[in-house]
Amino acid sequence: MFLQTSTRSIKNRVFSLGGIPPISVRGLSVTTTPRQHHSSRHSEPPTSNNGSTDGDLTSTMPKAEMMNDVYSDLAEEYTRLTRIMSFGRDAWYKTSFVKKMAPSPGEKLLDVAGGTCEITKRYLKYQDKENRDHKSTVHVVDFNPGMLSVGKRRLADTQWMRDGRVTFAQGDAENLVDIPDNSFDAYAISLGMHNLENKDKALAEAYRVLKPGGRFACLEYGIV
């Protein structure tokens, strides 16, 4: 059996965001967690095991700049490289990831670190085929303009783009400054969390932009 549910909490396996157990996908950790309803918008967001949500954003810049340079060089070959690194299983992992998200019709998805649109295209295919839904949308955010260019080119001739169901923006997972509070039904980050310097800031931002009851989903190679 390829999908297994762990009885341990996210805090013990990936990071704490509400206590829903992750799913292990033969070497990958998949976490899907609903954003809880709170009486106040100023409730403290959950944090990971890696520190607090305080910290100076400028302290992340050296790593951010380094990763930006790396992905600028790898943008055109990124999908092929992930296929090699996963021994050809990455497509199955990503498809299973979207299925475990179980999207609902009409949802708005925020695809973070999603420049090449590997999750976006699977999400929209799922909506079209499984839910017969042609109104759900995806907003793709990536720190690297080269990765975004690859994704835009891949989807350029699709009906999704002609219908305005996919939008793109360059942005930082740790500071989604252009995205309002409580604006998305689902947040996905695939193979991107391990690149972040301050994961707690990214989690706090995910918590902020999700609607109450919205879902957070993370796909990673192992534990982050």
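Are Tyr-187 and Phe-216 buried or exposed? Select both. Tyr-187 is buried, and Phe-216 is buried too. Buried means under 20% relative accessible area, exposed means over 50%, and partly exposed is in between (1.4 Å probe, protein chains only).

Before the next stop, some ground rules. This is a predicted model, in which local features need pLDDT of at least 70 and side-chain atom pairs count only at pLDDT 80 or more, while totals for chains, interfaces and linings use all residues. Residues are numbered from 1 along each chain as its sequence is written, and side-chain values use heavy atoms, with hydrogens and water left out.

**Stop 1: aromatic rings**

The structure holds 2 aromatic pairs. Rings of Phe, Tyr and Trp (its six-membered ring) pair if their centres lie within 6.5 Å; planes under 30 degrees apart are stacked, over 60 edge-to-face, and the rest tilted.

Select Trp-92 and Tyr-93. Their ring centres are 5.9 Å apart and their planes stand at 65°, so this pair is edge-to-face. Trp-92 is partly exposed at 37% relative accessibility. Tyr-93 is buried, at 6%.

Go back to Tyr-187 and Phe-216. Here the centres are 5.3 Å apart and the planes are at 20°, so the pair is stacked. Tyr-187 lies in strand 7 and Phe-216 in strand 8, so the pair ties together parts 29 residues apart in sequence. Helices (H or I, at least four residues) and strands (E, at least two) are DSSP runs, numbered from the N terminus.

The charged end of Lys-108 sits over the Phe-184 ring, 5.2 Å from its centre. The rule asks for NZ of Lys or CZ of Arg within 6 Å of the ring centre and within 35 degrees of the ring normal.

**Stop 2: nonpolar cores**

Select Phe-97, Met-101, Leu-109, Tyr-123, Val-140, Val-166 and Phe-168. Of the 21 residues in the largest nonpolar core, these touch the most other members. Such a core is a set of buried Ala, Val, Leu, Ile, Met, Phe, Trp, Tyr and Cys residues joined through side-chain atoms within 4.5 Å. Helix 5 gives the most to this core, with 4 residues. Apart from it lies another core, of 18 residues, including Phe-184, Tyr-187, Ile-189 and Val-209.

**Stop 3: salt bridges**

How many salt bridges are there? The count is 9. Each is a side-chain nitrogen of Lys or Arg within 4 Å of a carboxyl oxygen of Asp or Glu.

Select Arg-215 and Glu-107. Their closest N and O atoms are 2.8 Å apart, in a salt bridge. Arg-215 is in strand 8 (residues 210-221) and Glu-107 in the loop between helix 4 (90-101) and strand 4 (108-112), so the pair ties together parts 108 residues apart in sequence. Arg-215 is partly exposed at 22%, whereas Glu-107 is buried at 6%.

Next, select Asp-128 and Arg-165. Their side chains form a salt bridge, 3.0 Å from N to O. Asp-128 is in helix 5 and Arg-165 in the loop between helix 7 (159-162) and strand 6 (166-170), 37 residues apart. Asp-128 is partly exposed at 21%. Arg-165 is buried at 3%.

Finish with Lys-94, Glu-118, Lys-121, Arg-122 and Arg-154. Salt bridges with shared partners join these five into one network.
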